[in-house]
Amino acid sequence: MESASSGHIVLTGFMGSGKSSVARVLAAKTGLTHLDTDDLVVRQADMSISDIFAKEGETGFRDREHEALKALIGEKPCVISSGGGVVVREENRILLRQLGTVIYLEVTAEEALARIGHSEGRPLLRGALTPQQLLNQRQGWYEGVADVRVDTSSKSISQVASEIYHRLRALQVI
Ligand code: S3P
C-alpha cells in the first residue's frame, strides 16, 4: 500500500474493539502522544457524545467527527484512536488513508457487546440497527482502509498492543 503521508498510527474498528485502550498502551510503547477522536469532539463541543446525538443528531456528531479528524492532518505523528463510525463517510475513509498507517482491530459483534456492556456513551447501540447489522454494514470499509488487520478475539489489551508494535516494527513504520 502507498506510504503514510502524515505519519500517524490510526486505530479503527467497531465499538468495543479496544481502540482507545490499545492506543494508550501503544503510545506508551512508542513514546508518541495518544489522541482520541471522541475525546477531541467532546472537548470541542463541550458536550457529551450522548448530548451531541440528542441535540444535533448523528449528522451533527459526524460533522464534528470529520472536523476533528481533518485537524489531525497537520499534527506531529501520534497514535490516534478513532470512533467506530468514522468509516461511514467516504471523506473520512480518504482522510484515514492520508493520516498514516491504519490498523483495523477486528472483533465480533458478540464479543464487542460483552466488552462494552450497557454503555451510556454509545447512542448507536440504542439505534435502529443491531450491532451485528452495524458491523456488517461497516466491515468492508474497515477492511478497505486498513494497512494492518489484527484479530482481537480472546486477546488482552497488552497482547493486542504488543502484536501491533511488532508488526509496525516489521513494516519499519516505527
Ligand atoms: C460510534 C462509536 C463511538 C462514538 C459514537 C459513535 C459508532 O466510539 O464515536 O458513539 O458509530 O460506532 P467508540 O468506537 O470508541 O465506541
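A: Quick ground rule before we start: a residue is buried under 20% relative accessible area, exposed over 50%, and partly exposed in between. Also keep in mind that this is a predicted model.

Q: Why is Glu 56 called partly exposed?
A: Glu 56 comes out at 31% relative accessibility.

Q: What makes Glu 56 and Arg 64 a salt bridge?
A: The cut-off is a side-chain nitrogen of Lys or Arg within 4 Å of a carboxyl oxygen of Asp or Glu. For the side chains of Glu 56 and Arg 64, the N to O value is 2.8 Å, so the pair qualifies.

Q: And Arg 64, why is that one called partly exposed?
A: Arg 64 has a relative accessible area of 22%. Buried would need a value under 20%, so Arg 64 counts as partly exposed.

Q: How do you know that Arg 89 forms a salt bridge with Glu 91?
A: Same test: the closest N and O atoms of Arg 89 and Glu 91 are 3.3 Å apart, and the limit is 4 Å, so they pass. Glu 91 is partly exposed, with 36% relative accessible area.

Q: What makes Glu 163 and Arg 167 a salt bridge, and where do they lie?
A: Their closest N and O atoms are 3.6 Å apart, within the 4 Å limit, so the label holds. Both lie in helix H7, 4 residues apart, which is about one turn of the helix. Glu 163 has 25% relative accessibility and counts as partly exposed; Arg 167, with 33%, is partly exposed too.

Q: Which residues are linked in a network of salt bridges, and how many salt bridges does a search of the whole structure find?
A: Glu 58, Arg 62 and Glu 65 are linked in a network. The search of the whole structure finds 12 salt bridges.

Q: Why is H1 called oblique to H7?
A: The axes of H1 (residues 19-30) and H7 (residues 157-170) come within 9 Å and cross at roughly 50°. That makes H1 oblique to H7, because roughly parallel needs an angle under 35 degrees and roughly perpendicular starts at 65. The crossing of H1 and H7 is right-handed.

Q: What makes the contact of H1 with H7, and how do its residues divide?
A: On H1, the contact residues include Val 22, Val 25 and Leu 26; on H7, they include Ile 157, Val 160 and Ile 164. The residues of this contact divide into 8 nonpolar, 3 polar and 1 charged.

Conventions. Residues numbered from 1 in each chain as written. Predicted model: local features only at pLDDT ≥ 70, side-chain atom pairs only at ≥ 80, totals over all residues. Heavy atoms only, no water. Axes fitted to C-alpha atoms, helices over the stretch in contact; angles between N-to-C directions. Helix = DSSP H or I, 4+ residues; strand = E, 2+ residues; numbered from the N terminus. Parallel < 35°, antiparallel > 145°, perpendicular 65-115°, else oblique. Left-handed = near helix turned anticlockwise from the far one by under 90°. Contact = heavy atoms within 4.5 Å. Nonpolar A, V, L, I, M, F, W, Y, C, P; charged D, E, K, R; others polar. Buried < 20%, exposed > 50% of the residue type's maximum accessible area, 1.4 Å probe, protein only.
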